[in-house]
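This report covers a helix, charged pairs and pockets. Look at the model first, then read on.

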Amino acid sequence: MNVLAIILAGGPGNRLMPLTTERAKPAVPFGGAYRIIDFVVTNLYNSEVYKVALLTQHKPDSLNRHVKEGYMPVFGSGRHSYFETRHPTSAPYEGTADAVHKNLELISRENFDIVDVFGADHIYRMNVAQMHDFHLAKGADATISVMPVSLDAARGQLGVVVVDNEGRILNFEEKPAYPTPMPGDPTKCLISMGNYSFAPSSLDELLQYKPQDFGKEVFPWMVGQRKIIFAYDFLQNTIEGFRPDEVVYWRDVGTIGQFYDAHMDLLGENPVLRLQHQKWRMLTNIELPEPSRIAGRAVALDSILANGVWMHDDATVRSSVLSYGVEVLKDSSVINSILMGYIVIGEGSLIKNAIIDRRVVIPQNTVIGVNHEDDCRRGFHVVEHKPGHFITVVPRNYKFT
């Protein structure tokens, strides 16, 4: 099967500020050793989709470096396999459909069987080949990957797909205040996962009208024109070696709270999201080759430590995710936190319920995530994640005075 995948990675990710102040949302570090974009690229590669175009826009520098060093050696740049990046050359992209329209020549390169248009900012694993089989079997103009969520979870946040009993899409509601329930369950609705498969000729036709957005314009127009659009049930997806509950994990990490929760899903004896799967190789750029080190009486409990982490004597890390090159000095504690790389935690410090972005040196005896008024005075970003539970975010390159 000859498939072209177009990955959309241009949005500013405003709800994830300040983590997206200096980088695109898909380039935000995740899980100690990865970036958010690694999940969609891994899914495509393991599903034997080897022709990929990445459309960037917002602050793409770190994303481009990650792609060049992590993906290019794997995909190459030949006729049968390539990974290329595209940035707007003149006017900026005005939406998801506009981004694809301005790169339509990608589709006309070859006689593709399917053109995928996937988002780059979700955490999940998916055997995309099964969605392709479904799409072709239905003879669809377009297929949207969907999954059920509660009505409250979708309300005002996610695109909602309305289907008949056969799974054919009757309507597409863009972030509705009152989502339409799914057939057979009035408490849930079907949300779009931002993954679309198109018949190439159909995609080319609908983009001739120069729409800006798939959810707001393209899919409602297709429904009105009685095009054949089907919903692919993500819950039916299977991957060899995975438990069913592992395969159907999907998280939109669009907010600080969602980003934090997805990291906590990595922890525990039986984590909700398990990254240790030899049969589903994660593609990424390994930034540091050095091993991690736990010295003296340092203790790491229920945590993830990436390469280059160095815990000094009497340091404690508990229920946390530490990315590359983090150094935790003597008598310091890191609890329920995410350290995103190249950070030094000074002696005697306490970091709790915090996200610390890259390249921050924290002075000795510093307390973060305990007194929220102190954190705000320092200029940190404090979010009430749940009633009574706060997350403190320290921006990238923050300088203590």
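## Helix H1

Which residues of H1 are buried? They are Ile37, Asp38, Phe39, Val40, Val41, Thr42, Asn43 and Leu44. Buried means under 20% relative accessible area, exposed over 50%, partly exposed in between (1.4 Å probe, protein chains only). Glu48 follows H1 and has a positive phi, near 65°. Helices (H or I, at least four residues) and strands (E, at least two) are DSSP runs, numbered from the N terminus.

## Basis of the model

This is a predicted model: local features need pLDDT of at least 70, side-chain atom pairs count only at pLDDT 80 or more, and totals for chains, interfaces and linings use all residues. Residues are numbered from 1 along each chain as its sequence is written, and side-chain values use heavy atoms, leaving out hydrogens and water.

## Salt bridges

The structure holds 23 salt bridges, each a side-chain nitrogen of Lys or Arg within 4 Å of a carboxyl oxygen of Asp or Glu. Arg86 pairs with Glu84 at 3.1 Å, N to O. Both Arg86 and Glu84 are buried.

Arg251 bridges to Asp265, with the closest N and O atoms 3.5 Å apart. Arg251 lies in strand S13 and Asp265 in the loop between helix H10 and strand S14, so the pair ties together parts that are 14 residues apart in sequence. Arg251 is partly exposed at 33% relative accessibility. Asp265 is buried at 15%.

Arg297 and Asp313 form another salt bridge, at 3.4 Å between the closest N and O atoms. Both lie in loops, and the pair ties together parts that are 16 residues apart in sequence. Arg297 is exposed at 57%, while Asp313 is partly exposed at 24%. Shared partners join Arg15, Lys25, Asp121 and Asp252 into one salt-bridge network.

## Pockets

A pocket is an open set of points on a 1 Å grid over the protein atoms alone, where a 1.4 Å probe fits, with protein on both sides within 12 Å along at least five of seven lines; lining residues have an atom within 4 Å of a point. A volume is the space filled by probe spheres set on the points.

The largest pocket has a volume of about 1200 Å³. Of its 41 lining residues, Gly11, Thr96, Asp121, Lys175 and Asp213 are the closest to its centre. S11 gives the largest share of the lining, 4 residues.

The second largest pocket holds about 390 Å³. It has 14 lining residues; Ala153, Trp250, Arg251, Asp252 and Gln258 lie nearest its centre.
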